Structures are given as C-alpha cells and as structure tokens.
Amino acid sequence: MTEFSLKCPMSLSSFSAKIPLLHIQIRTRRRNIYISPNTPSFSSLFDRKLLSILTNYRFSKTQTIVCATMEDHNNSAVESFVSDKYFKELEVAVKAVQMACLLCQRIQQTLLSKANDHVQSKDDNSPVTIADWSVQGIVSWVLSEALGRDNISIVAEEDVQVLSKIGAFGLLEAIVKTVNDCLAEAPRFGLRAPVMALSTSEVLEAIDRCNSMGGSSGRFWVLDPVDGTLGFLRGDQYAIALALIEDGEPVLGVLGCPNYPVKKECLSYQNGYRRILSRLTSLSSESWDRGCVVYASKNCGNAWMQPLLNKEKKFVWPNSARQIKVSSVDNPALATFCEPVEKANSSHSFTAGVAHSAGLRNQPLRIHSMVKYAAIARGDAEVFMKFARAGYKEKIWDHAAGVVIVQEAGGVVTDAGGHPLCFSKGMYLEGLDRGIIACAGARLHEKIVKAVDASWNSSSL
C-alpha cells in the first residue's frame with residue numbers, strides 16, 4: 001500500500017477504483033490543494049463523495065490530502081506542480097493543445113491526400129489553412145469556457161479578414177464544421193463541450209477574440225495555431241504553440257508537435273542536411289507514437305512531455321507525462337544544431353559561419369516551426385540559431401512557448417548578445433540583438449555567443 005498526495009488538480013476518476021474512501025485522510029503538509037465543484041471530471045459516485053468531503057472540510061493553507069492506494073501510482077508529474085501557481089491554466093492549456101493536435105493530424109492527412117482549396121494566402125503571401133483558423137477558434141473557446149471569458153486576452157497570428165473575402169464562404173463553412181466536430185470530443189479531454197453546435201457567428205467571434213496587442217502589464221495568452229504552415233502542408237514538422245505571458249514575461253508554455261516522434265530512436269534524416277522524416281502513416285497504425293506535447297511553467301525547474309491522445313482513449317491528467325531535460329553535451333564538436341528550413345527569414349550562410357567558428361561539426365538539423373525548441377528541451381539537439389535577414393521582425397508567438405520550455409528543461413535562450421528576449425513591447429520581439437540562440441547549457445551558450453561576435457563583422461546580414 002502506497003501513500004501519495006493530491007496536490008494539484010487532476011481527474012479524480014482515475015483514482016476512483018484504487019482509493020478506498022475510508023483511507024482518505026487530511027494531513028498537514030506544505031500547501032492546500034485546488035479543487036472546484038465545477039470541475040467536469042467529478043462524475044463518478046466516488047468523485048461526488050470525495051468532493052463532498054473536500055468542500056465541507058475547513059482547510060488551512062498548509063494542508064493537503066493523502067490517500068492510501070492499493071497499488072503504486074506514477075504521480076511524479078502531478079507532484080511537480082505542488083508549488084506551481086499556474087497549474088490550473090497549464091492543465092487547460094495542455095488539453096486545448098491536445099485537442100488541436102488531433103484536429104491538425106486529421107486535416108493534414110486530407111490536405112496531403114488530395115488537392116484542396118482550403119489553403120489561402122495572407123498579405124505577405126505566406127499560406128494559411130483551415131487548420132489555422134480552426135485551431136484558433138478551438139483554443140480561444142476552450143480557454144474562455146474553462147478559465148472565464150472575462151479573464152482571457154489572446155494575441156494570435158490569424159484574423160478573420162481573409163474569411164470575409166468574396167468566395168471564402170465554402171472555407172468558412174468548413175471551418176465551422178471542423179470546430180464543432182472537434183469541440184464535440186471535448187469530454188474525452190475532461191472539458192465541457194458546447195451545449196449546442198456553435199453557429200458561424202460564434203465561431204467567428206471565437207477566432208476574432210484573439211485580438212489583444214500584448215504589452216508590458218497584465219496577463220495575456222499568445223497563440224500560433226499552426227506554426228510552420230509550410231511544414232504542415234508538406235507533411236513535415238509543425239507545432240501548435242500556446243504561451244501565457246504575465247507582466248511582459250512568459251510564465252507558461254505548451255508546444256503540440258503532432259509529427260515529432262515521442263521516442264528519439266524513431267528520428268531519421270534525409271536530403272544531405274539532416275531533416276526529420278515525418279510522412280504520415282495511418283492514424284490506425286499500432287506503431288503510431290509520432291506526436292507529443294511538451295510543456296512547462298516558469299520557476300518549476302521541470303519540463304514535461306506526454307504522448308498525443310490517440311484512438312478513442314480518454315485523457316487523464318497528466319497523461320503518462322515524463323520529465324524531459326536538455327542534453328549534457330557541451331562540446332561543440334559533438335553538438336547538433338538546429339536552424340529553420342526556409343531561407344526567407346533566416347540566413348543559412350551566416351549560421352554556417354557561426355557553426356564553423358564555434359567548432360560545430362555536425363550537419364544542421366533543419367526543422368520547420370518551434371519543434372526546434374522541443375528538440376533542444378528533449379535533448380535531441382543542443383543548439384538552435386536563427387539570424388533573420390534585414391527587415392524581418394520576430395513575432396512573440398514564434399518563440400514565447402519554446403523559451404519557457406527550454407529554460408525549465410535546463411537550457412538557455414537569449415538574443416545573440418546574451419540578453420533575455422523581450423515579450424513586453426507588443427506583437428514583436430523589439431530590441432533583438434542580431435538573432436536568437438537557444439542552447440542546452442550555459443557553457444555551450446557562451447561559446448556560441450562568442451562565435452557570433454567573431455563572425456559578425458564579416459557577415460552581409
């Protein structure tokens with residue numbers, strides 16, 4: 001018989017078969033638990049009895065619940081959130097991103113299998129798909145319903161202007177159906193589904209609710225619904241990126257990586273430079289373990305990875321999460337470095353010069369999207385460098401989630417001058433010194449920064 005503490009919100013139904021009610025007792029510990037009578041997971045008879053006990057017991061600020069179970073339970077991921085002030089927001093965010101990943105997997109298969117008119121071009125000629133708007137609508141709706149609409153402010157990449165163009169009715173109709181189909185599965189993830197299917201105006205309202213401009217004070221969410229749309233369209237890497245920013249600093253980050261293998265040994269490479277192979281197989285495949293969600297919250301000293309929910313399974317927090325850490329490699333000659341696939345917003349030639357100066361000998365691992373941050377956090381690579389061409393401005397949604405995750409996994413993320421990235425000036429990373437460097441550790445980071453300085457005078461950026 002093993003004792004464990006319920007120290008943060010979770011689906012209690014997962015414990016209902018394991019915890020005899022008479023073994024529940026109150027013990028003096030470090031802090032109180034969070035519990036809400038409105039939590040959807042309180043559905044079983046056991047949950048209702050336990051909820052009744054908890055809501056009628058007079059807690060002090062130093063108490064928690066200790067239960068004796070009939071078998072061991074791997075609750076290390078749960079234990080990690082004992083002192084996490086953002087645990088409620090983190091759980092909701094992870095569930096929302098899990099739902100978005102499932103939706104994107106289905107849409108990507110459709111886009112790859114046949115010609116599709118559900119892809120549009122934005123003003124800068126970059127592509128945007130039905131998945132971008134659908135994910136934005138879903139995440140916006142889930143956050144608003146779970147955390148309170150009045151408490152939600154979101155900065156996001158997409159707006160509804162394209163959907164108002166003549167000829168976009170078919171696309172809008174498909175988005176509304178996609179959003180409703182996905183939200184109907186919310187109970188699988190421990191979330192409430194809409195009582196009725198959302199109307200077109202309600203879906204547009206959810207998408208357009210993401211109209212915050214950010215800033216240096218208060219709290220707002222940052223969402224990139226499909227980061228790496230070109231990768232998404234090619235059957236390659238992409239990410240759903242969600243972060244919470246408080247008073248100008250990212251405090252929570254979630255990256256959904258639907259095509260990124262859970263197991264490092266499943267990584268494979270092609271095309272001269274190294275690139276992750278990720279052409280889709282059937283979602284019914286028994287070997288399907290490609291997707292993952294990585295996440296962390298500030299000052300917890302832990303980052304986590306959990307597999308995507310597949311088939312008809314129900315999500316039970318923390319969904320088999322395991323801790324991830326950056327690599328211990330600090331020798332540049334042994335390190336793997338990541339860079340963007342596209343040359344349009346990153347100079348491969350300058351990165352190659354920095355790599356040579358720093359002593360990086362391995363070929364670059366070119367990855368679409370913020371999956372690069374996940375690779376660093378998981379220890380699959382040691383360095384990520386990005387040096388934008390003149391005139392390109394980095395957006396906060398392209399980095400906020402990844403920065404939190406890498407830092408909590410033990411890594412370092414700064415601009416090329418060694419300064420923290422600034423998320424307090426609106427939608428762009430203002431004051432950025434040359435580029436962005438993420439490393440597995442401080443020693444390696446110092447070497448890369450020095451190599452940038454050595455290479456900069458001879459560059460043509």
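1. Basis of the note. The model is predicted, and local features need pLDDT of at least 70, side-chain atom pairs count only at pLDDT 80 or more, while totals for chains, interfaces and linings use all residues. Residues are numbered from 1 along each chain as its sequence is written, and side-chain values use heavy atoms, with hydrogens and water left out.

2. Overall make-up. The protein chain contains eleven helices and 17 strands; helices (H or I, at least four residues) and strands (E, at least two) are DSSP runs, numbered from the N terminus. Of its 461 residues, 56% count as buried, where buried means under 20% relative accessible area, exposed over 50%, and partly exposed in between (1.4 Å probe, protein chains only).

3. The sheet. Seven strands form an open sheet of mixed pairing, in the order β6-β7-β8-β9-β10-β11-β12. Two strands pair if DSSP finds at least two bridges between them. Strands β6 (154-156) and β12 (322-324) stand at the edges with a single partner strand each, so one side of each has no neighbour in the sheet. From one strand to the next, the twist averages 20°; angles run from 0 to 180 degrees between N-to-C directions, and axes are lines fitted to C-alpha atoms, for helices over the stretch in contact.

4. Strand β11 (residues 303-307) pairs with β12 in the antiparallel sense over three bridges. Within this pair, Ala303 has Ile324 of β12 as its bridge partner.

5. Helices on the sheet. Helix α4 (residues 130-147) packs on the sheet and touches β6, β7 (219-227) and β8 (239-246), its direction making about 150° with that of β7. Helix α10 also packs there, touching β8, β9 (249-257), β10 (292-297) and β11, at about 95° to the direction of β9. Contact means heavy atoms within 4.5 Å.

6. A helix pair. The axes of α9 (residues 371-378) and α10 (residues 400-408) come within 9 Å and cross at roughly 5°. The two helices are therefore roughly parallel, a term for angles under 35 degrees. Tyr373, Ile376 and Ala377 of α9 meet Gly402, Val403, Ile405 and Val406 of α10.

7. Loop residues. The loop between β11 and β12 holds Pro318, and the peptide bond from Trp317 to Pro318 is cis, with omega near 5°. Ser320 lies in the loop between β11 and β12 and has a positive phi near 55°. Asp247, in the loop between β8 and β9, has a positive phi of about 50° although it is not a glycine. Asp247 counts as exposed at 51% relative accessibility, and Ser320 is exposed at 63%.

Methods. Parallel < 35°, antiparallel > 145°, perpendicular 65-115°, else oblique.
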